[in-house]
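We will go from one stop to the next.

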Amino acid sequence: MKAVRIYPDASGDGTTMRYEDIPEPVPSPRQVLIRIAAASMNRADILRRNFHGPGGEADPFTPGTDIAGIVEAVGEAVTEVQPGDLVAALLSSGGHAEKVVTHVASTVPLPRGFDASVAAAVPVTYLTCWFPMTSESLGLKPGETALIQSGASGVGIAGIQIAKHLGARVFATAGSDAKVERLRALGVDAAINYTTTDFRAVVLEATKGRGVDYVLESVGGDVFTRSVEVLAPGGRLWIVGNSSGAPEEPADPALIAQKNLTISRFALPSEIPTGGTRRELPRIFDLVAQGVLQPVIDRTFPLAEAAAAYEHLAGRHNVGKVLLIP
Ligand SMILES: NC(=O)c1ccc[n+]([C@@H]2O[C@H](COP(=O)([O-])OP(=O)(O)OC[C@H]3O[C@@H](n4cnc5c(N)ncnc54)[C@H](OP(=O)(O)O)[C@@H]3O)[C@@H](O)[C@H]2O)c1
């Protein structure tokens, strides 16, 4: 079968991506073999491509953490799904290939006829927003205001849709006028091109100086500091990513105390061993099936053209999800 594989360069500096034949994996007793219909790309795939050496990926490795496809074979102890079933799966790696084996617990059965491309666009991005946004104590409440940083990213669009579903008024930022237009079309109440406009001024004016109740922060760098500054009293900020690098400076303790702010950090991998992802993913898919959440697919590339897809994502050209189709 064909797979994308990342090899470290001989110099130890950088990597080479190859699209090549590898042996087809065989499921162990609690695993399933899935013929992949669509695989999504995430920022983590770009980062992991360059992360080798001690503590890094095994060499060579196949990226890809969310997929949808047809179960082709199951291990002898699997009863939950059977060959022919359509499933989505959240993987640790291996999704940018024609087939993958994974533990049955990482799969979610989907109704027959569910669009596999839509399904592949769901797990990582929607789960990453779902947990921090639906948190009992630190989530988003109906009627509150939310600021979604990097709103046109895969995570950002999922965050916008979940925030609207939860009844919030939504502000979102993006890096170009074209992306801002797309966000407006997606129902964002105020979309801001942060490269030309100070998002703090827009948010503070629109909230009569109060600020927002909630920020989904995936950019980091200097954006983090400004995100903290636009929080309203009692506001919550969840860090879910650092696309532009770690925050330039820690949040000001005086400001946190003055406004009773809460700053938290979320990492999706921590929800896998607890069973959180397996519990929540079917709820998200129900909302997708009802049309409440509508994954936005920016572009699909043939798996054989994965290198071009990586460039597209790394170049920040996407609005929503980029998919690889084997
Ligand atoms: N916590 C978790 O478990 C978890 C899970 C999944 C993803 N994440 C994180 O969530 C973020 C979004 O992921 P994604 O897959 O949705 O990303 P994506 O679709 O690739 O979008 C990332 C966007 O970030 C913006 N950005 C701002 N500064 C950037 C910079 N210096 N370099 C590159 N992009 C920059 C760009 O949008 P503009 O052009 O509009 O600026 C870019 O298109 C990432 O930080 C990722 O690591 C976290």
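**Start at a strand pair**

Select E11 and strand E12 (residues 231-239): the two pair in the parallel sense over 5 bridges. Pairing here requires that DSSP finds at least two bridges between two strands. Strands (E, at least two residues) and helices (H or I, at least four) are DSSP runs, numbered from the N terminus. This is a predicted model: local features need pLDDT of at least 70, side-chain atom pairs count only at pLDDT 80 or more, and totals for chains, interfaces and linings use all residues. Residues are numbered from 1 along each chain as its sequence is written.

Now pick Val 212. Its bridge partner in E12 is Leu 231.

E11, H7 and E12 make a right-handed β-α-β unit. Right-handed means that, with the strands pointing away from the viewer, the path from the first strand over the helix to the second runs clockwise.

**Other partner, and burial**

Select strand E8 (residues 145-148). E8 runs parallel to E11, joined by 3 bridges. Click Ala 146: its bridge partner in E11 is Tyr 214.

How many residues of E11 (residues 212-217) are buried? The count is 6 of 6. Buried means 20 or more other C-beta atoms within 10 Å of the residue's own, with C-beta atoms placed from the backbone.

**Zoom out to the domains**

Colour domain 1 (2-121 + 296-325) and domain 2 (125-269). These bounds come from an automatic or database domain assignment. Their centres, taken over C-alpha atoms, are 29 Å apart.

Finish at the contact: 7 residues of domain 1 meet 9 residues of domain 2. Contact means C-beta atoms, placed from the backbone, within 7 Å.

Terms used:
Contact = placed C-beta atoms within 7 Å. Buried ≥ 20, exposed ≤ 12 C-beta atoms within 10 Å, placed from the backbone.
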